[in-house]
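The entries follow the order in which I looked them up.

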Amino acid sequence: MNPILVGVAFAVTVGAVVAVSAREARAALVGVAVALAAAPFLGDPLPPLSTLATRVVGAALAAYLIRVAVAPMPLETDPRRRDAVRDGSRIGWPAEALLAVAAWIVGLTVSTNLEALNPGGPGISPDDLVGAISASSLATGAGLAAIVVAIVPALGSRHGLRTALGLLILVQGVLLFRAGVGGTPSDLEGLAGVALMVTAAIVGSVLTTLERRSGEDAHRDPVGSLRRDPPIESG
Amino acid sequence: MSVLILVLLALPGGVATTLLARRKGVAFAVGLATAAAAVVAAASIDAADVVPIAGSLIGGSDGLRTLGTSWAAFVVLFGVLDALLGVGPAVLGPSLIGLAFGAVGLAVPDPGIGFTLLGAGALLTAVVPMMGVSAMQATGVRVGIGAVRPVIASTFLTLLVVAWAASPAGPLNALDPLGDLAPSLELAMGLALLAIASAIVLRLGAIPGHAWVARYAEAMPASAIPPLLGWGAAAFILVSLSWVEVTLAPTAATLGPEHAVIGVAAAATIILGGIAAVLHDDIEHVLAYSIVQDAGVALLAFAATGPTATAAGRDWILAAVAVKAGLAAWVHVTRSTFGTNRRADLRGWARRAPLLGAAFALVLIGAIGLPTFAGFEARSTLLRLALPAPISSLVLVTAFAPIVFLGRLLVDGVGAMSPAVRATPGMAIVHGEGAWGAWAGDRTPTRLVPALIRTNRLPLAAAAAALAAVIGLSVSIGGLGSTAVAGVPSAGVGTPLPSGVVAP
């Protein structure tokens with residue numbers, strides 16, 4: 001068991017929990033940046049330096065794209081417009097952390113059982129969770145934890161920024177889980193993952209910008225913005 | 001190499017077009033030139049051309065050439081339409097990027113790469129155009145989130161299935177070629193097939209995942225529909241079919257209950273999608289629900305196993321996407337020409353714009369199909385293979401609902417003109433002194449062409465829509481044939497890939 005890899009996996013999970021549960025946008029962005037930047041190092045052996053560098057740069061770019069789109073939200077006192085402001089996780093960070101721990105246990109169990117099925121594997125018993133900790137099991141656990149904490153903000157939130165952050169963590173979680181369960185991806189698949197990550201960040205940036213603009217319109221015309229939206233005219 | 005050329009043209013060209021979107025003239029020039037070059041590059045894709053890159057293989061195929069050329073041609077046509085109709089280049093850039101991602105996704109044998117890139121392309125083509133559509137500034141978040149959810153959910157499902165298949169517990173590694181199929185493995189394979197089908201339901205907007213399609217079609221310009229719900233969706237179906245063909249079909253799994261569930265979902269989508277298209281009175285919703293109905297037919301390819309169903313599925317999705325892209329072009333031009341999308345307000349439209357009428361007639365023929373058309377035969381084959389009689393006959397009848405919801409638009413078009421249509425100027429080409437129109441600049445010979453284009457933009461847009469309809473009908477007649485599209489079909493490569501998928 002490599003303690004550095006365990007630390008990296010822990011950092012990914014902590015970053016994911018912070019990203020989806022923080023009330024402050026800046027704290028959430030730090031969580032996203034940590035989770036995305038640490039994930040490429042969850043491999044044994046590490047991928048080639050060029051691939052590693054591409055994934056780290058992609059992670060930094062993804063976090064930066066969201067950062068650029070986040071502007072100071074206007075102070076909102078009208079409770080009817082409170083939905084325009086991010087509120088973080090509704091269940092709080094302790095509950096999110098417990099969900100992540102549960103997902104970790106499930107991920108380790110899945111990985112251990114897969115290792116037991118692997119005819120070329122080290123022959124580990126499915127009951128020996130600790131002995132089976134390896135890079136792939138850490139990736140599986142961290143990936144599943146990220147998926148579990150991010151799935152609600154990514155697919156169930158109505159806020160642009162929260163959706164963006166959930167989207168990034170969910171994509172990273174799926175890519176980690178895929179690598180942990182299915183084996184180390186090829187370099188081209190790694191590049192495809194970077195493309196998906198950056199694309200998710202671009203989309204999140206667009207959603208955040210649109211949300212900020214609609215919030216600014218609401219402040220200029222708070223009554224008008226509460227009226228039913230008129231039919232959309234194209235062009 | 002030929003696929004790489006297409007990607008190396010389309011990707012940076014698309015990025016440049018998107019970044020230059022505020023400078024409309026420059027963006028259109030870059031985007032349209034890139035798209036035109038992409039048509040040439042796609043038409044030169046060579047089936048024997050296999051390139052190793054970054055630990056994987058990228059190869060062309062006859063099917064990829066057909067699909068890529070059609071896709072790129074429609075990117076050009078919709079770019080021209082957006083330029084003529086004053087919509088702006090918001091859709092053109094993401095469409096090019098989606099084309100690049102789609103080409104690579106279809107050219108690699110590893111479905112994990114394919115699904116990842118197609119998911120990225122779909123996200124871009126769904127949301128980025130919203131930045132350039134002025135009406136989206138107030139409501140874009142709601143529509144954008146509504147489009148992101150099914151795309152990311154479908155990508156998520158497919159990547160999980162691919163991961164399972166490549167794991168020690170998946171059929172690629174756990175299957176004993178000399179022994180019986182373990183019940184647990186057969187169960188897992190059935191769940192995997194249902195997961196793939198669920199991903200298709202979400203991605204294509206089949207029932208019950210159809211709501212976002214209607215909202216998206218209502219909110220966005222019609223030119224934004226084909227990249228997301230047309231070509232991108234077709235690529236997704238093709239990669240899914242290839243995955244099923246390689247991973248599940250060769251096993252002895254019967255998967256009867258799973259096929260029945262998928263068949264029911266597909267039949268419901270065909271029937272209810274057709275009914276919804278009949279009930280709606282605005283042309284955007286008619287377009288959206290006709291696409292939903294097509295998704296139901298495509299889903300039938302997963303309710304039956306075997307190369308016949310797979311080939312029919314490939315033929316169908318290409319034909320359907322091409323015809324509906326032609327319909328989207330008609331919707332786009334009609335909406336801009338007459339300023340309305342309501343059927344009641346569009347009475348007499350074909351009399352005012354005969355070229356649009358001709359385009360619509362071609363779309364109608366392609367949507368219904370005739371015997372010996374590839375799309376028509378594929379639809380009949382899928383219904384026969386996937387559904388038992390007499391259910392297949394009932395569903396086949398409802399599959400001809402375009403006769404009603406498109407036919408009545410044509411009947412309305414040749415009737416008495418409504419006030420909105422009567423108020424629209426005629427569609428004859430203006431030339432001579434009148435060509436200058438409201439041109440305020442110098443009337444020099446070099447300025448004549450831009451002035452002509454500006455004055456005759458609506459007739460030119462109608463001509464572009466007619467060309468789109470012709471291409472759509474041609475593809476519907478010819479189809480894809482039995483050639484594979486995704487993967488490296490004929491290069492004879494048998495190297496197991498890191499994901500465990502053997503290149504076909």
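**Contact between the chains**

I looked up the contact first: chain B gives 52 residues and chain A gives 43 residues, two residues being in contact if their C-beta atoms, placed from the backbone, lie within 7 Å. Helices here are DSSP runs (H or I, at least four residues), numbered from the N terminus. The largest share of this side, 18 residues, is from α6(B). I then sorted this side of chain B by class and noted 35 nonpolar, 13 polar and four charged residues. Nonpolar covers Ala, Val, Leu, Ile, Met, Phe, Trp, Tyr, Cys and Pro, charged covers Asp, Glu, Lys and Arg, and polar covers the others, Gly among them.

**Basis of the entries**

The model is predicted: local features need pLDDT of at least 70 and side-chain atom pairs count only at pLDDT 80 or more, while totals for chains, interfaces and linings use all residues. Residues are numbered from 1 along each chain as its sequence is written, and chains are lettered from A in the order in which they are written.

**Backbone of chain B**

I noted a cis peptide bond from B:I207 to B:P208, with omega near 5°; B:P208 is in the loop between α8 (183–204) and α9 of chain B. Another cis peptide bond joins B:A389 and B:P390, with omega about 5°, and B:P390 lies in the loop between α16 (374–386) and α17 (391–399) of chain B.

I also looked up B:T372, a residue other than glycine with a positive phi near 85°. B:T372 counts as exposed because it has 8 C-beta neighbours inside 10 Å, the cut-off for exposed being 12 or fewer other C-beta atoms within 10 Å of its own, placed from the backbone.

How values were computed
Helix = DSSP H or I, 4+ residues; strand = E, 2+ residues; numbered from the N terminus. Buried ≥ 20, exposed ≤ 12 C-beta atoms within 10 Å, placed from the backbone.
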